[in-house]
Amino acid sequence: MIEIFKTMENRELITVDEIVKGSWVNMIAPTEAEINEVCVKLQLPMDFMKDPLDDEERPRIEREDDHLLLIVDYPYMTHDEAGSRIYETIPIGMIFTPDCFVTISLKDTPILANFKNNKIKQFYTNKKTRFALQLLFEISLYYLRYLKQINKMTTESERELHQSMKNKELYTFLALEKSLVYFTTSLKSNKVVLDKILRFNYLKMYEEDKELLEDVIIETNQAIEMTEVYTSILNGMMDAFASIISNNVNNAMKFLTSVTIILTLPTMVASFFGMNVDLPFSHNQHAFMFTLMIALGLAGTVAFIFWKKKYF
């Protein structure tokens, strides 16, 4: 899919049919024919178009002639096989050409929705550097937003685990832990790219643009720190709940063993007095009561000892 937008003089964002100077070309999972069409019109290297469509592509920045390719990872929400929410990352490519700005990705993202709806202040399709920095800033904000959602889900799962130990909550923890791993890897790679932009002047920036880039770096650093903190908390919680579950199993086994021993004593007494030989009280009319009292006395004594030792 190809969408082409252009900002008019009155700041109105309109959709156009052809790629014109100052336009924004947004490509979502484009076909081979669409890739070839844009490459021919803008005289772009084919690698610039195909690299961002590889979901394993790492964030980087590359220049070739008058064209610049900037690849970063952005977050998106999906679900795993168990139905738990999981957050992953996927590359998005930003291509700077002399005439227009191109974004390309495998999936549509709500990050671009505010740009399409013209809700970003001072957003102009012809100001490519400012557009790219604004997009990077929105991506960093989405990382922070999703991190807050992960923290909320962690708190809810912790509360449910306190009430009952179920596999569902443990699977949720595993899914969140996987999400944080994705975030950590992508954020650190994005940070390297942002530092390169700041140090090596890949983009022509005015003072306001530099301030915006610094804000993006600050937000990215904050997201990295939050990810590391949440990862440490989640790892600690996973270890703690694993110990709790193991302890609960040990307590259950201890209780069942104690009950088994207590119930074994009356069985032993009944077995002895059930033998076909002469036994004490065998001719006494109260023999059954004596046998019952012995069995109950032994079981009660052992039960009292176990209770004092807090076996149950």
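This briefing covers the sheet, the helices and the salt bridges of the structure above.

The structure is a predicted model, in which local features need pLDDT of at least 70, side-chain atom pairs count only at pLDDT 80 or more, and totals for chains, interfaces and linings use all residues. Residues are numbered from 1 along each chain as its sequence is written, and side-chain values use heavy atoms, with hydrogens and water left out. Helices (H or I, at least four residues) and strands (E, at least two) are DSSP runs, numbered from the N terminus.

**The sheet**

- Seven strands form an open sheet, written as 7 strands in the order β2-β1-β3-β7-β6-β5-β4 with mixed pairing, where two strands pair if DSSP finds at least two bridges between them.
- The edges are taken by β2 (13-15) and β4, each with a single partner strand, so one side of each is left without a neighbour in the sheet.
- From one strand to the next the twist averages 25 degrees, with axes being lines fitted to C-alpha atoms, for helices over the stretch in contact, and angles running from 0 to 180 degrees between N-to-C directions.
- Strands β1 (residues 2-7) and β3 (residues 23-28) run antiparallel and are joined by 5 bridges, and Lys 6 has Ser 23 of β3 as its bridge partner.
- Helix α1 (residues 32-42) lies across β1, β3, β5 and β7 (101-105), and runs at about 155 degrees to β3.

**Helix α7**

- Helix α7 (residues 287-308) has 22 residues and reaches 32 Å from its first C-alpha to its last, close to the 32 Å expected at 1.5 Å a residue, the expected span being 1.5 Å times one less than the number of residues.
- Ala 287, Thr 291, Ala 295, Ala 299, Val 302 and Phe 306 of α7 are buried, where buried means under 20% relative accessible area, exposed over 50%, and partly exposed in between (1.4 Å probe, protein chains only).
- The face turned away from the buried side carries the exposed residues Met 293, Leu 296 and Lys 308, while what covers the buried residues includes α6.
- Just after α7, Lys 310 takes a positive phi of about 60 degrees.

**Salt bridges**

- The whole structure holds 13 salt bridges, each defined as a side-chain nitrogen of Lys or Arg within 4 Å of a carboxyl oxygen of Asp or Glu.
- Arg 60 and Glu 57 form one of them, with the closest N and O atoms 2.8 Å apart; Arg 60 is partly exposed at 22% relative accessibility, whereas Glu 57 is buried at 16%.
- A network of salt bridges links Asp 51, Glu 57, Arg 60 and Glu 62.
- Asp 73 forms a salt bridge with Arg 58, the closest N and O atoms being 3.8 Å apart; because Asp 73 lies in strand β5 (residues 67-79) and Arg 58 in the loop between α2 (46-50) and β4 (60-64), the pair ties together parts that are 15 residues apart in sequence.
- Within this pair, Asp 73 is buried at 2% relative accessibility, and Arg 58 is partly exposed at 37%.
- Glu 228 and Lys 188 meet through their side chains in a salt bridge (3.6 Å, N to O), and this pair links helix α6 (residues 207-273) with helix α5 (residues 167-200) across 40 residues.

Technical notes: Contact = heavy atoms within 4.5 Å.
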